[in-house]
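Here is a short report on one protein chain. Keep the sequence and the 3D view open as you read.

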Amino acid sequence: MLRRFLWTFLIAALAASASVGSAFAEDTVAVFKLSGAINESPASVDLFSFSPPGPSLLDVVQRIEKSASDEKVKAIVLMSNGASIGRAQTEELRQAMAKVRAAGKEIYVHSDSFDISDYALFAGASRVSVV
C-alpha cells in the first residue's frame with residue numbers, strides 16, 4: 001500500500017513538473033547557512049580533518065553580491081546556527097546585504113537564537129524569524 005502511494009506521488013510530481021516547464025528555473029531563492037567561525041581567507045585543506053572546510057568571508061560576500069545582480073534570484077535567506085562573526089565581518093556582510101536590498105530583493109533571516117552582534121547583522125534584513 002505504501003509503495004503504491006509513493007509511486008503515485010512520484011508520478012504526480014513528475015507530471016506536475018513537466019507541465020510547469022521552466023517556471024522553477026526562473027525564480028530562485030539563494031540560501032546561506034552561517035555556522036561556526038567564518039574565516040577571512042579560504043581554509044587550507046587538512047589531511048587529517050574529515051569535515052569539509054567552511055566558506056570564507058570573501059566567498060560568502062561574493063555570493064551574496066552575485067545574488068544581488070542575478071535576475072533569477074528573487075530573494076535570499078540567511079540561516080544562522082551559532083555563527084561567530086566579528087564586527088568587521090558583520091559590516092562587510094551588511095554592505096553586501098545592502099546591495100541586495102538596493103536591487104529590490106528581499107532578505108529573510110532565520111535563527112534559533114541570537115545575541116546583540118547577530119542583531120547588528122540581521123537588522124539589515126527584510127524579515128527576521130527567531131524560534
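## Helix α4 and its buried side

In α4, the buried residues are Gln-89, Thr-90, Leu-93, Ala-96, Met-97 and Val-100. Buried means under 20% relative accessible area, exposed over 50%, and partly exposed in between, with a 1.4 Å probe and protein chains only. Seen down the axis of α4, these buried residues fall within an arc of 130 degrees, so they line one face of the helix. The arc is taken from the directions that run from the helix axis to the C-beta atoms. An α-helix has 3.6 residues a turn, so residues three or four places apart point the same way. The face turned away from the buried side of α4 carries the exposed residues Arg-87, Ala-88 and Ala-102.

This is a predicted model: local features need pLDDT of at least 70, side-chain atom pairs count only at pLDDT 80 or more, and totals for chains, interfaces and linings use all residues. Residues are numbered from 1 along each chain as its sequence is written, and side-chain values use heavy atoms, with hydrogens and water left out.

Helix α4 covers residues 87-102, which is 16 residues. At 1.5 Å a residue they should span 22 Å, and the end C-alpha atoms are 22 Å apart, which agrees. The expected span is 1.5 Å times one less than the number of residues. Helices (H or I, at least four residues) and strands (E, at least two) are DSSP runs, numbered from the N terminus.

What do the buried residues of α4 pack against? They pack against α3 (57-69), β2 (73-84), β3 (106-111) and α5 (116-122). Just after α4, Gly-104 takes a positive phi of about 85 degrees.

## Parallel strands

Strand β1 (residues 28-37) pairs with β2 in the parallel sense, over ten bridges. Two strands pair if DSSP finds at least two bridges between them. Lys-33 stands opposite Met-79 in β2. β2 also pairs with β3 in the parallel sense, over six bridges. Here Ser-80 has Ser-111 in β3 as its bridge partner. The chain crosses from β2 through α4 to β3, and this β-α-β crossover is right-handed. Right-handed means that, with the strands pointing away from the viewer, the path from the first strand over the helix to the second runs clockwise.

Next comes β4 (residues 127-130), which pairs with β3 in the parallel sense over four bridges. His-110 stands opposite Ser-129 in β4. β3, α5 and β4 make a right-handed β-α-β unit.

Ser-80 is found in strand β2. Its relative accessible area is 7%, so Ser-80 is buried. Leaving aside neighbours within four places in sequence, Ser-80 is in contact (heavy atoms within 4.5 Å) with Leu-34, His-110, Ser-111, Asp-112 and Phe-122.

Ile-107 is found in strand β3. Is Ile-107 buried or exposed? At 0% relative accessibility, Ile-107 counts as buried. Beyond four places in sequence, its contacts include Ile-76, Leu-78, Met-97, Val-100 and Ala-125. Ile-107 and Val-29 are 78 residues apart in sequence, yet 9.6 Å apart in space, C-alpha to C-alpha. β3 has a covered face of Ile-107, Val-109 and Ser-111. Its uncovered face holds Glu-106, Tyr-108 and His-110.

## The aromatic cluster

How many aromatic pairs does a search of the whole structure find? The search finds two. Phe-114 and Tyr-119 form a stacked pair, 6.4 Å centre to centre with 15 degrees between the planes. Phe-114 and Phe-122 form an edge-to-face pair, 5.5 Å centre to centre with 90 degrees between the planes. Rings of Phe, Tyr and Trp (its six-membered ring) pair if their centres lie within 6.5 Å; planes under 30 degrees apart count as stacked, over 60 as edge-to-face and the rest as tilted.

These ring pairs link Phe-114, Tyr-119 and Phe-122 into a cluster. Phe-114 is partly exposed, at 30% relative accessible area. Tyr-119 is partly exposed, at 48%. Phe-122 counts as buried, at 2% relative accessibility.
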